Amino acid sequence: QHNADPQKTAFLLRKQWTLYSVTPLYGFSSAHLKHYARLLSAFTAAEKQKGLAVEVGVELDIKVTVSNIPDLKGSDRDQDAILVQLSLRSSASQKNSEEKLVWSGCFCCVSGDHLSENLPEDFTCLPLFLANGAEGYTSIVGSWFQKTFDCCFRRLAISPLNLSWMAAMWTGCQVDKTTSAMELVFSAPCLPYPLDISYAIHPEDAKALWDTVQKTPGEITQEEVDVFMDCLYSHFHRHFKIHLSATKLVKVSTAIASAHCDGIIKFLQSKYLAGVLTLLTELAISQIQ
């Protein structure tokens, strides 16, 4: 297990990221990142000319940087993560004008090295893509990568089953100064109006419950996750007479991270970043295969 340098991965923390799965990139080489940045910059400018500008009014110049983050991987066999950043600067005074970061995208593969074993050598496997910023930029960058490297991007949703796994796993993690409650949000189906039920559990109570359920520390089974959730459901039913098992789990928030079924995630602890990214890499790989 790599211990990523927290400073080099801090850009991931406390921002909202939208998740995508990406098929292997054909003909991609991390030796040519500066060249890719130039091409992507020209492509972005051309797309803006077509009237797809995200910022309106001011004449802005977009600067594109593409860099690698060797720290963001689970083992030495993983590919380096690739970070794409778009910054705006006003073209009037380019030399000394402030640059404002408006969009970031990160391709990574954390402990997904088994995937690249059977790949032909012209392919690079970075199955998980995270985007932060305006959707207009995401689609411009995504379409350039798709055209250039013959790959395909798909939004990565997180199923209620996977959310319940996250709830159980993250509850069991040791966090200093646990202040935030664990919160589960459920959506009630088949109603004429949307109804969300929010269920907050004190982190120490949630951990105590998980400790009684988990048989082997460090290992988690589907049965344990089911028992954990059933205990939470029956506790809720005792108090409110509502069967949460009839609703859909749509969001999990803990001190480690928060995840929404639409494939939106926020990382809150650098210590557990690699673990969360490993799980998301697995989900991305399972969607590609």
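1. Let's start with the largest pocket. By class, its lining has eight nonpolar, four polar and four charged residues. Here Ala, Val, Leu, Ile, Met, Phe, Trp, Tyr, Cys and Pro count as nonpolar, Asp, Glu, Lys and Arg as charged, and the others, Gly among them, as polar. A word on the source: this is a predicted model, where local features need pLDDT of at least 70 and side-chain atom pairs count only at pLDDT 80 or more, while totals for chains, interfaces and linings use all residues. Residues are numbered from 1 along each chain as its sequence is written, and side-chain values use heavy atoms, with hydrogens and water left out.

2. If you want to find that pocket on screen, go to M169, G172, C173, I220 and Y272, which lie nearest its centre among the 16 lining residues. The space in the pocket comes to about 340 Å³. A pocket is an open set of points on a 1 Å grid over the protein atoms alone, where a 1.4 Å probe fits, with protein on both sides within 12 Å along at least five of seven lines; lining residues have an atom within 4 Å of a point. The volume is the space filled by probe spheres set on the points, which are joined across faces, edges and corners.

3. Which helices supply at least two residues each to this lining? They are α4 (160-171), α5 (203-213) and α7 (273-288). Helices (H or I, at least four residues) and strands (E, at least two) are DSSP runs, numbered from the N terminus.

4. Helix α5 has a clear buried side. P203, A206, K207, L209, W210 and V213 are buried; they sit on the same side of α5 because they cover an arc of only 160° around the axis, taken from the directions from the helix axis to the C-beta atoms. Exposed E204 and T212 are carried on the face turned away from that side. Buried means under 20% relative accessible area, exposed over 50%, and partly exposed in between (1.4 Å probe, protein chains only).

5. In α4, the buried residues include L163, W165, M166 and W170.

6. Two loop residues are worth a look. D150, between α3 (135-149) and β8 (153-155), has a positive phi of about 50° although it is not a glycine. C190, in the loop between β9 (182-188) and β10 (195-201), has a positive phi of about 60° and is not a glycine either. D150 counts as exposed at 61% relative accessibility, and C190 does so at 81%.
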